[in-house]
Amino acid sequence: MAANAQTVSNSITALCSEPTLAYIPAMAHTPDDCALMLRYRDGDVAAFEVLYKRHKDAIYRYLLRLCGHRDAAEDIFQEVWGNIVKARKSYRPTAKFTTFLYRVAHNCFIDHLRRNKRHSNNTALDPELFSDPGETLEYAAERALARERLEQALKTLPDEQRDAFLLHEEGGLTVDQIATVTGCNRETAKSRLRYAVNKLRVAIDEPAEQ
Amino acid sequence: MMTSKANDNDPRVSDAYRELATEKSPPELDATILKMAAGDVRTRYGLARGWLRPVAWAATIGLSLAFVLEISQYTDVPATPELAAERLEAAKSKDEDLANQELHKRSDAPAPAKALAPRIEGASPAAMESAALIQDFETDNASVLQEAEAQMRMDTGEARSAASFAEKKEWNGHCDAVARASAESWYECIERLRDERLTDAARQELDALLVEFPDFREPAPDR
C-alpha cells in the first residue's frame, strides 16, 4: 500500500517537473506548472499569472504558425486560456501541464478548422508579423529572406507535420507527448516530426546551395 | 545514416525557427485573459456573497427587532425615584394583603369559635384571655379580614356582596367620620354593615358607638 502511494507520488513529481525547453531559462526555486495550476484551482490568481506568463508566448506562436492569421490566432489563444480557466476546478496532475495545455490548444485549433472551412493548407502569414523596427536594412533583408524561406517551408508542410514540429519547438514536447496531444500513436508522431524537420532543413539549405 | 534523434532535433532548424519565432502575445489580450482568470475565481466567492448578503441583512433586521422588543419591555420602568418608591409601597401592601389573607384562611375554621368566645358567659379565664388576644388581633386586622372575607365570597359566588364590599372600600370597612357624627347615622352605618353580613365590623362599630354615645339604646330588631 505504502509502496503504491510512493509510486503515485513519484509519478506526480515526475509529471509536474519543468519541461526541458532549451530556450526558456532555467527557473530554479520556482514552483512547477502543476503546483501553480493546483494553487490556481484553490483560488490563487497570482499562481495563474505566473503560469500564464510562462507559457503565453509559446502558445501564441504555436497558434499563430498553425493558423497563419493573427486574428484567428488571437481568438483561439483566448479560447485556449478560457478553457484552461474553466478546467481548473477539475484539473488533476495526471500528465505534464504542457501536454495538457498544448492538447487544449490543439483541440481548439481543430475546432477552429471545423468552424472555418475556408482554412486551407496554403496559409499565408501576415508580412507585418515579422517586422522589427530596430534592425538594419541588410540584416533585415537577410532575416526577411530566411523568414521567407522558413515561411514557405512551413507553409508547404502538411498540417499534421507542422503541428508536430510546432509542438516540439514551442511546447518542448517529446514524441510521446506529441502523440498524446495529437491523438496518434508514437510512431506516427515520430514520423511526422521527422518529415517536418527534414523538409525544413532542406528548405533552409536550398538557397545556400544555389 | 542519420539517427532518429538527429532527425527529430536538427539544431539548425531549431535555431532558424527560434530566430524567426519571436512574436509575443498582445498585451491587451494578456490583460483580458488575466482579468477573465481573476474574475472566474472571484465569481466563486461572489456566489458565496450572493447568499451571504441577504442572510446578513436578515440577521441584522432580526437582531434589531429583538433589541427593540427587549427595550420596549422596559418602558414601564418609572422615570423618577418617587414613582419607584410608590410602586414599591403598593407592591409591599399587596404582599401584606396576600399574607393576611393566607393567615385568615388558616384560621378560618376556629374563627367563629373565637368570635363567640367573648360572648360566652362563664368561660374560663384562660379562654377569656385567648378570646381577648384574638379580639385584639381581629381589631388590628379587621379591614384585612373584611377584604379576605369579601374575596372568599367572591370565590364562592357571592358577587353581590363583593360588589358592596368594593363600595365600602371607600371607607375602609368602617363607618366614616360623617357617619359617626351622630348616633343615628352611625347606627345606620352599622345596620348597613349588618346587611352586608360584616358582623364583626358591625359589632366593633356598635361597641364604639356605645362608648361614644353611652345613652344610645339600640332599637329592638324587627320581628
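A salt bridge is a side-chain nitrogen of Lys or Arg within 4 Å of a carboxyl oxygen of Asp or Glu. This structure is a predicted model. Over all chains, it holds 19 salt bridges. One of them joins Glu170(A) and Arg61(A), with the closest N and O atoms 3.1 Å apart. Glu170(A) sits in helix α7 of chain A and Arg61(A) in helix α3 of chain A. The two are 109 residues apart, so-called distant parts of the chain. Both Glu170(A) and Arg61(A) are buried.

Arg115(A) and Glu79(A) form another salt bridge, and here the closest N and O atoms are 3.2 Å apart. Arg115(A) belongs to helix α5 (residues 97–115) and Glu79(A) to helix α4, so the pair ties together parts 36 residues apart in sequence. Glu79(A) is partly exposed, at a relative accessible area of 26%.

## Helix α3 of chain A

Helix α3 of chain A covers residues 45–67. It bends by about 45 degrees at His55(A). Of the 23 residues in α3(A), 19 are buried.

Both ends have details to look for. Asp44(A) caps the N-terminal end of α3(A), with a side-chain oxygen 3.1 Å from the backbone nitrogen of Ala46(A). Just after α3(A) comes Gly68(A), which takes a positive phi of about 85 degrees.

## Where chains A and B meet

Contact involves 44 residues of chain A and 32 residues of chain B. Together the chains bury about 3,500 Å², 59% of it on carbon and sulfur atoms. In chain A, the residues that lose the most area to chain B are Gln78(A), Glu169(A) and Arg201(A). They account together for 14% of what that side buries.

The interface has 5 salt bridges and 11 residue pairs in polar contact. On the side of chain A that touches chain B, the largest share comes from α3(A), with 10 residues.

Asp30(B) and Lys56(A) meet in a salt bridge of 3.2 Å, N to O. Arg18(B) and Glu169(A) form another, at 3.8 Å. This pair runs from helix α2 (residues 11–20) of chain B to helix α7 of chain A. Arg18(B) counts as buried at 18% relative accessibility. Glu169(A) is buried too, at 7% relative accessible area. Shared partners join Lys56(A), Asp57(A), Lys24(B) and Asp30(B) into one salt-bridge network.

Glu74(A), in helix α4 of chain A, is buried yet has no salt bridge. The nearest side chain of opposite charge, Arg70(A), is 4.5 Å away. Beyond its neighbours within four places in sequence, Glu74(A) is in contact with Tyr60(A), Pro26(B) and Leu29(B).

Conventions:
Residues numbered from 1 in each chain as written. Chains lettered and ligands numbered in written order. Predicted model: local features only at pLDDT ≥ 70, side-chain atom pairs only at ≥ 80, totals over all residues. Heavy atoms only, no water. Bend = angle between axes of the 7 residues up to and from the residue. Helix = DSSP H or I, 4+ residues; strand = E, 2+ residues; numbered from the N terminus. Buried < 20%, exposed > 50% of the residue type's maximum accessible area, 1.4 Å probe, protein only. Polar contact = N/O pair within 3.5 Å; in protein donor to acceptor, adjacent residues only side chain to side chain. Lys, Arg positive; Asp, Glu negative; His and termini not counted. Contact = heavy atoms within 4.5 Å. Buried area = accessible area lost by both parts, 1.4 Å probe.
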